[in-house]
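Hi,

Here is the structure I said I would pass on. Have a look, and my notes follow below.

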Amino acid sequence: MNRRQALHTMMGALGLVSATQVFGASAFLSGALPTAVQPVLAEPEVALLSDLGETILPTTEDSPGARAAGIGAFMQAMVSGYYTPAEQQVFLRGLADLQQRSQALFNTDARSLTPDQRAQLLLTLEQDSDADYYRMIKQLTIWGYFASEVGAKQALRFAPIPGRHEGDVKIDPGTKAWANLLS
């Protein structure tokens, strides 16, 4: 999967119509990786992002969750390498806001939340139109997951060498989508 296909897959999964709605998309598509990327996030923040990603896309009987896709490391790479400094600041201030909300709601830091508490916290962020950082986390989770090997091969179906095109096939309910047809 190339950059354009990965971004297109994520946009389709989020119902977005333009790459301009995806934070960091312009730098990602240009392939302009800064010469010396300094990690923007500390290891505890990367671990927290793995927890949040697993809450957004949890492990099920059929497929591994976002943690198995290395979602925290993916977010670290994207935020550090492709977000503008202004977007990085929105992301970092958002993680601080998320910690404050966790303290206010549950009297503990976000890493110590139970899965149910973490889901409740994310639902409050979903309702908050000012929580741009939550939309960043959600976009990166979906993008990173479906662009990963576990997302493409286990959550979706993947044919490394697709056969001929069959435009009229019966699809049974519950059938997984094809990973390489989402672009």
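Let's start with Met-78, which is found in helix α4 (helices are DSSP runs of H or I, at least four residues, and strands are runs of E, at least two, all numbered from the N terminus). Met-78 counts as buried because its relative accessibility is 3% (buried means under 20% relative accessible area, exposed over 50%, partly exposed in between, with a 1.4 Å probe and protein chains only). Val-40 lies 38 residues away from Met-78 in sequence, and their C-alpha atoms are 9.8 Å apart.

A word on the source: this is a predicted model, where local features need pLDDT of at least 70 and side-chain atom pairs count only at pLDDT 80 or more, while totals for chains, interfaces and linings use all residues. Residues are numbered from 1 along each chain as its sequence is written, and side-chain values use heavy atoms, with hydrogens and water left out.

Now the helix pairs. The axes of α3 (residues 43-56) and α4 (residues 71-81) come within 7 Å and cross at roughly 120 degrees (axes are lines fitted to C-alpha atoms, for helices over the stretch in contact, with angles from 0 to 180 degrees between N-to-C directions). On the α3 side, Val-46, Leu-49, Ser-50 and Gly-53 make the contact, and α4 brings Ile-71, Gly-72, Ala-73, Met-75 and Gln-76 (contact means heavy atoms within 4.5 Å).

Further along, α6 (residues 115-127) and α7 (residues 132-147) have axes that come within 8 Å, crossing at roughly 115 degrees. Here Leu-122, Leu-125 and Glu-126 of α6 meet Tyr-133, Tyr-134 and Lys-138 of α7.

Cheers
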